[in-house]
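Here are some exercises on strands, cores and contacts, each with a worked solution. Have the sequence and the structure open, and try each task before you read on.

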Amino acid sequence: MCIQKKWKTLLKRTSALLLGLILVIPSLSIAGNLPKGIIEVDGRSAPALALNDIDGNAFDLISTRGRWVFVHFWASWCGPCRREMPAIQRLDKQLGTSGIELVLINTAEDEDTIFSFLSAVAPDLPTLMDIDGLATEKWQPRGLPATYLVDPQGRIRYQALGGRPWDSEAYLQFLQQLPTATPRPKSDTTGR
Amino acid sequence: MLYSFPMIAARHKTLPYISFTILIVTLSLLPTLVTAAGKKPQLQFDHPEFQVRLLPRTPDQIAAFYEARGFPKQAIEILRKQCFITVSIRNKSRKVVWMDVSNWKFATPSGSLKRRDRKHWQSFWPTLPLEQRFQSTFRWTLLPESLDFRPEEAEGGNITLPRVPEPITMTAHFTVGDGSDAQRVPIKIEKIRCAEDAIP
């Protein structure tokens, strides 16, 4: 009887430990094993982003509170942007209902340029138009392309350096884990 | 020393083979020698932790790029008169490499050359005037004034100088690492020339 009790207690403790590990592992793996070129930033508030898309529909980043947002700045003249865009289109399809919203912003190009570029390279991707480039400036990207990952509270959590193979396994796994990961407290790591 | 007939005969037999070998070796080296003679100097600085490469752009290349972005003629004419150099920097290390373009110095045998930085263009474009969207695109094509290159990060952009016919020497310094481990790395790149359009 006593041995049975001990076994039950041990089983309970082991289960609790396993459950704890299952809950903690996703956040640990995100913090410790970021895919190449992804850096953690200080969690500063995302600058304002209220623009129209190519069809004239208004968008405001505030409307995405409660969801992770993949904010991506691009221009058709930038070589790495051209190479990266098809991967972003594939990523868009693969993310599906994962709870991450993709928001693309073209920097300072006209409608014709954007339309002809996207229809050739990534026809299924919608984009916002930062006609005068001033919204992009507020985000202070390191260069183009620039990608930020904004958490459900509207804070910038991660930044990507240059173009990335977003639809490859490491990046896809990282992105898909974001909605379930526990946000880490503010760190001293600063982006530019 | 006296050579016997068989010895001379043996020498003469091998002579054609030796000559042939020399000919083959010379011919195989010729393309390398010709390339080396005509090759432009490598405008590059290599450090174990990072690499800096410069690529001067011709006025035609610059005009073609900005014309394709819809820049007005007046702006293109001004840009054609600048000395554009595309700078590529790659951090090869696991440390942060700090770049601050304000410490970059350019000089010709006649004296120092003032770089036309972002502030210069920011105050110049409204006098043209140039539409805000073109100003923004132009800014994006310039090298950032300062940047902390993260491990394995590569970034680049243009710098603009007054167009001069003389060779230019660039001196600068980068900082590798943070805090007490930070290492100041001076760099020097010589014989930089503003690129000219090809003569038709």
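**Exercise 1.** Find the bridge partner of B:Gln44 in E2(B).

*Solution.* Step 1: know what you are looking at. This is a predicted model, in which local features need pLDDT of at least 70 and side-chain atom pairs count only at pLDDT 80 or more, while totals for chains, interfaces and linings use all residues. Residues are numbered from 1 along each chain as its sequence is written, and chains are lettered from A and ligands numbered from 1 in the order in which they are written.

Step 1: locate the strands. Helices (H or I, at least four residues) and strands (E, at least two) are DSSP runs, numbered from the N terminus. Strand E1 of chain B covers residues 44-46 and strand E2 of chain B covers residues 50-57.

Step 2: read off the pair. B:Gln44 has B:Arg53 as its bridge partner in E2(B). The two strands pair in the antiparallel sense over 3 bridges; two strands count as paired if DSSP finds at least two bridges between them. With 3 residues between them, E1(B) and E2(B) form a hairpin.

**Exercise 2.** Work out the order of the strands in the open sheet of chain B that has 4 strands.

*Solution.* Step 1: go on from E2(B). This strand is joined by 8 bridges to strand E3 (residues 82-91) of chain B, and the two run antiparallel. Here B:Val52 stands opposite B:Ile89.

Step 1: go on from E3(B). It is joined to E8(B) by 9 bridges, again antiparallel, and B:Arg90 has B:Ala154 as its bridge partner in E8(B).

Step 2: The order is E1-E2-E3-E8 (chain B), with antiparallel pairing. E1 and strand E8 (154-162) of chain B each have a single partner strand, so one side of each is left without a neighbour in the sheet. From one strand to the next, the twist averages 15°, where axes are lines fitted to C-alpha atoms, for helices over the stretch in contact, and angles run from 0 to 180 degrees between N-to-C directions.

A reminder on pairing: strands of a sheet pair through backbone hydrogen bonds, either parallel or antiparallel.

**Exercise 3.** Which residues touch the most other members of the largest nonpolar core?

*Solution.* Step 1: learn the terms. A residue is buried if 20 or more other C-beta atoms lie within 10 Å of its own, exposed if 12 or fewer, and partly exposed in between; C-beta atoms are placed from the backbone. A nonpolar core is a set of buried Ala, Val, Leu, Ile, Met, Phe, Trp, Tyr and Cys residues joined through C-beta atoms within 7 Å.

Step 1: name the residues. Of the 41 residues in this core, A:Trp74, A:Ala75, A:Leu144 and A:Val150 touch the most other members. E4(A) gives the largest share, 6 residues.

Step 2: follow one residue. Beyond its neighbours within four places in sequence, A:Ala75 has contacts that include A:Cys81, A:Leu144 and B:Trp140; a contact means C-beta atoms, placed from the backbone, within 7 Å.

**Exercise 4.** Is A:Gln140 buried or exposed?

*Solution.* A:Gln140 is in the loop between H4 and E7 of chain A.

Step 1: count neighbours. A:Gln140 has 11 other C-beta atoms within 10 Å, so it is exposed.

Step 2: look at the backbone. Phi of A:Gln140 is near 50°, a positive value in a residue other than glycine.

Technical notes: Contact = placed C-beta atoms within 7 Å.
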